[in-house]
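Here are some notes on one helix pair and its surroundings. Please read them with the model open.

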Amino acid sequence: MSEYSIELSNLVSPNTEISVYELCKNGESLIAQFARTIETDKKLFNQFSGAISIVERSSSFSRPLPKTKFRQIEGHNLACKVYEAKKGSIRIYLFHQEKTGRIIVTGGKKGNQKKDIKAVITTIREYQENI
């Protein structure tokens, strides 16, 4: 059985109105694992940085972002809101946990969205069952 935890994200500013965390599995950040898979591709890594910036902006109470950049994922039957931040072909998946804040789960690429979203929903369920 996997052990999930969260840690305050160092990818976004600590000054956002909504705190942003990273989901860890067995002590390792899932988003950091994803970042390592694309870090040698400069274009993808730049898009990753842009998507992280969108997560940061979405966690501040400024104007709402357009759905082309940040959208709520529907139809998952979870007791939380699940989001997708998009920049180019990179996607970052996160959810909002009441009294905690936003928790970044992992990243993915546009061509794998359906599979990635199913995996993210499963991961969130596993995390919520073990907190």
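**Notes on H1 and H2**

1. Start with the helix pair. Helix H1 (residues 30–38) packs against helix H2 (residues 42–58) at an angle of about 150°, and their axes are 8 Å apart. The model is predicted. Angles over 145 degrees count as roughly antiparallel, so H1 and H2 are roughly antiparallel to each other.

2. Next, the contact itself. H1 contributes Ile31, Phe34, Ala35 and Ile38; H2 contributes Leu44, Phe45 and Phe48. The residues of this contact are seven nonpolar, no polar and no charged.

3. Which residues of H1 are buried? They are Leu30, Ile31, Phe34, Ala35 and Ile38. Seen down the axis of H1, these buried residues fall within an arc of 140°, so they line one face of the helix. An α-helix has 3.6 residues a turn, so residues three or four places apart point the same way.

4. Now Ser58, in helix H2. Is Ser58 buried or exposed? Its relative accessibility is 12%, so Ser58 counts as buried; the cut-off is under 20%. A polar atom of the Ser58 side chain lies 2.8 Å from the backbone oxygen of Val55. Leaving aside residues up to four places away in sequence, Ser58 touches Leu65, Phe70 and Arg102.

Definitions and conventions. Residues numbered from 1 in each chain as written. Predicted model: local features only at pLDDT ≥ 70, side-chain atom pairs only at ≥ 80, totals over all residues. Heavy atoms only, no water. Axes fitted to C-alpha atoms, helices over the stretch in contact; angles between N-to-C directions. Helix = DSSP H or I, 4+ residues; strand = E, 2+ residues; numbered from the N terminus. Parallel < 35°, antiparallel > 145°, perpendicular 65-115°, else oblique. Contact = heavy atoms within 4.5 Å. Nonpolar A, V, L, I, M, F, W, Y, C, P; charged D, E, K, R; others polar. Buried < 20%, exposed > 50% of the residue type's maximum accessible area, 1.4 Å probe, protein only. Arc of directions from axis to C-beta. Polar contact = N/O pair within 3.5 Å; in protein donor to acceptor, adjacent residues only side chain to side chain.
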